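Good morning, everyone. Please look at the model on the screen while I walk you through a few of its parts.

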Amino acid sequence: MTSAQTSPHSFPAPLGFLKGHGTENDFVIVPDADNDVDLPPALVARLCDRRAGIGGDGVLHVVRSAAHPDARHLAAEAEWFMDYRNADGSVAEMCGNGVRVFARYLQHAGHVTAGEVAVATRGGVKRVHLDKDGSVTVRMGRAVLPEDGVTVTVDGRSWPARNVNMGNPHAVAFVEDLAHAGNLYDEPPYEPAAVYPDGVNIEFVADRGPRHVAMRVHERGASETRSCGTGACAVAVAAARRDGADPAASGEPVTYTVDVLGGTLVITEHPDGEIEMTGPAVIVGEGTVDQAWLTDHA
């Protein structure tokens, strides 16, 4: 919020928004170049409410890096900052599908053209390529594989889960049937809880063929979602290591196809550790939020 604002919950009139999705991981997009819009957690949760709000798995707050205290140090590398919020209003480090949709919005708004664009996130600067065929490729950075894992339990079944960090935490469990993950409305219990003091995204993974897997995910702060980009990257890395593939050791890139409920993502891990994710990103529509509704729920 800028210093000119006197109310912690004041908004421009009208508040504009767009709706977008990447493999059906959907987002409310709030353009706010100068960081004038305050988004308290309760308002984010209301915006993401699928019955009483606009509906989404999260909010993409579009701010110039130089205007946001969390991203000013990245302004020389990336003009735009993805201030991402989970559907419950909590702040998240990164969202892989979100950054693809964020880049698509920048193109839609005329801020960038097809080709390369840098996006600042709390998980660092992400390099994005807007392909002419409509797909978007994101350089997601390198995976960190901490030694400490957890055991995830659903309906009396338990599985070891690989700890993978993609700028945000993931626990990857391989199962025989994705139905074994249960309803995923609530976070599946895991032990020891201390491994993830700030919560975790939990992926359940089943094999579909050579270097081809399918997943379901409980996203931290959002329940089950139709897709999770960082989760797909974590799954591909965990599957590669399970299958004995390590690009750093072999010198050859490894590519996995990852089916999510909302479509398909292609994940490639390179010998230098860099992970690329390719998939669709769509702007569905745009509009304005009713000022009275904003005031009632501020």
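Predicted model: local features only at pLDDT ≥ 70, side-chain atom pairs only at ≥ 80, totals over all residues.

Start with helix H2, residues 96-108. Helices here are DSSP runs of H or I with at least four residues, strands are runs of E with at least two, and both are numbered from the N terminus. The expected span of a helix is 1.5 Å times one less than its number of residues.

Residues are numbered from 1 along each chain as its sequence is written, and side-chain values use heavy atoms, with hydrogens and water left out.

Back to H2. How many of its 13 residues are buried? Eleven, so H2 is mostly covered. Buried means under 20% relative accessible area, exposed means over 50%, and partly exposed is in between, using a 1.4 Å probe and protein chains only. Among the buried residues of H2 are Arg100, Phe102, Arg104 and Tyr105. Just after H2, Gly110 takes a positive phi of about 85 degrees.

Now helix H3, residues 229-242. Its 14 residues should span 20 Å, and its end C-alpha atoms are 20 Å apart, which agrees. H3 is mostly covered too, with twelve of its 14 residues buried. The buried ones include Cys233, Val235 and Val237. Just after H3, Gly244 has a positive phi of about 80 degrees.

Next, the aromatic rings. Rings of Phe, Tyr and Trp (its six-membered ring) pair if their centres lie within 6.5 Å; planes under 30 degrees apart are stacked, over 60 edge-to-face, and the rest tilted. By this rule there are three aromatic pairs. In one of them, Trp159 and Phe204 have ring centres 5.8 Å apart and planes at 80 degrees, so the pair is edge-to-face. Trp159 lies in strand S9 (157-165) and Phe204 in strand S12 (201-209), so this pair ties together parts 45 residues apart in sequence. Both Trp159 and Phe204 are buried. Tyr190 and Tyr196 also pair edge-to-face, at 5.7 Å centre to centre and 85 degrees between the planes. Tyr190 is buried at 10% relative accessibility, and Tyr196 is buried at 5%.

Which residues lie nearest the centre of the largest pocket? They are Arg50, Asp57, Ala222, Ser223 and Glu224, out of 16 lining residues. On a 1 Å grid over the protein atoms alone, a pocket is an open set of points with protein on both sides within 12 Å along at least five of seven lines, a cavity is a set where a 1.4 Å probe fits but cannot get out, and lining residues have an atom within 4 Å of a point. Grid points are joined across faces, edges and corners, and a volume is the space filled by probe spheres set on the points. The largest pocket has a volume of about 280 Å³. Strand S14 gives the largest share of its lining, three residues.

The structure also holds one cavity of 30 Å³ or more. The largest cavity has a volume of about 60 Å³. Its lining includes Tyr84, Met94, Glu219 and Arg220.
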